[in-house]
Amino acid sequence: MSRFARRRLLALAALLAPLALRPGHAAAENFPSRPLTVIVPFAAGGPTDTVSRLVAEAMGRDLGQTVVVENAGGAGGTIGAQRVANARPDGYTLLLHHIGMATTPTLYRKLAYDPVGGFETIGLVTEVPMTLVAKKDFPANTLAEAIQVIRRDQEKLNYANAGIGAASHLCGLLLMKAVDAPMTTVPFRGTGPAMQELLSGRIDLMCDQTTNTTEQINSGALKVFSVTTNKRIPALPNVPTSAEAGLPAFQVTVWHGLYAPKGTPPEVTRRLSAALQAALRDPKLVARFAELGTAPVAQEMATPEAHRTFWLADIAKWKPIIQAAGQYAD
Ligand code: ASP
């Protein structure tokens, strides 16, 4: 190619470059121009669903668009996560998921999506305490008494969870290890439906987030044995911590984050992150979170970078624990 022809080609390329960029930029500039969907990888009525609906409503106010919540429960949250990993990376389909995002990559050795590389992070949302709760007529009133009953009747007792990798599963493993007594576990598509079974007495025990248990505990519909944090929580001031109740190893909290499919333009994830931060400052959301025993993360944690760093560190933290336990989902 002559020098002249090469120069003309370069000039043409320079002229076309902004045009090539324009569709993506334009889409990002106008974002969002239609309703968004947040996939919750658990059933409606559960703790992830509760948090997601509050966040979606408040984000919608900031974005000027409706943010629809859709439940895609099952397989410990992997069905919903797969939907989002395989969705168009345009910012209109998001995932709100919890600590399971850190355990799934090790727990599940065969997945039809990439549980880490398939996502962009948008920001952390909240970190929720858990509670050990039992049906109203469970024959114990304290954690010490409950442990005696669990050790004595372990084969007869049913423990509900939301599938392998769910927070309720991890919390149950921790409990069974701490008291050295396995129970029969019954998986649900989320702890929303599991709660109904607990309230009706068909399930004996469950460990679940305060966002799903606080109101049932305070109304006396359930028994509670401990809160799994190192300090008592304001929404449940009379509930002892696991350490106070004699089981210091029984501690776990459940962090949540917002994700988009891999390849979502950075301008779009930035806009979503700003909307998430606005949502987490929203007085209505903050007040409701407090009633449910939790609080939004600090604003600087609701960013793509802080979320990614935290998430990757938590994957590294859980990996040796899961490998040592040798408990896999496949
Ligand atoms: N968060 C619950 C769990 O992991 C599931 C749910 O949100 O329904 O057990």
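**View 1. A salt bridge joins Glu-215 and Arg-288**. Here the closest N and O atoms of the pair sit 2.9 Å apart. A salt bridge means a side-chain nitrogen of Lys or Arg within 4 Å of a carboxyl oxygen of Asp or Glu. Between domain 1 and domain 2, the count is 1 salt bridge. Keep in mind that this is a predicted model, where local features need pLDDT of at least 70, side-chain atom pairs count only at pLDDT 80 or more, and totals for chains, interfaces and linings use all residues. Residues are numbered from 1 along each chain as its sequence is written, and side-chain values use heavy atoms, leaving out hydrogens and water.

**View 2. The protein splits into two domains**. Domain 1 takes in 35–127 + 254–325, and domain 2 covers 129–227 (bounds from an automatic or database domain assignment). Their C-alpha centres lie 25 Å apart.

**View 3. Domain 1 and domain 2 touch**. On the domain 1 side, 27 residues are in contact with 21 residues of domain 2 (contact: heavy atoms within 4.5 Å). About 1800 Å² is buried between them, with carbon and sulfur atoms giving 61%. Buried area is the accessible area (1.4 Å probe) that two parts lose on being put together, summed over both. In domain 1, Pro-47, Val-254 and Leu-292 lose the most area to domain 2, together 28% of what that side buries.
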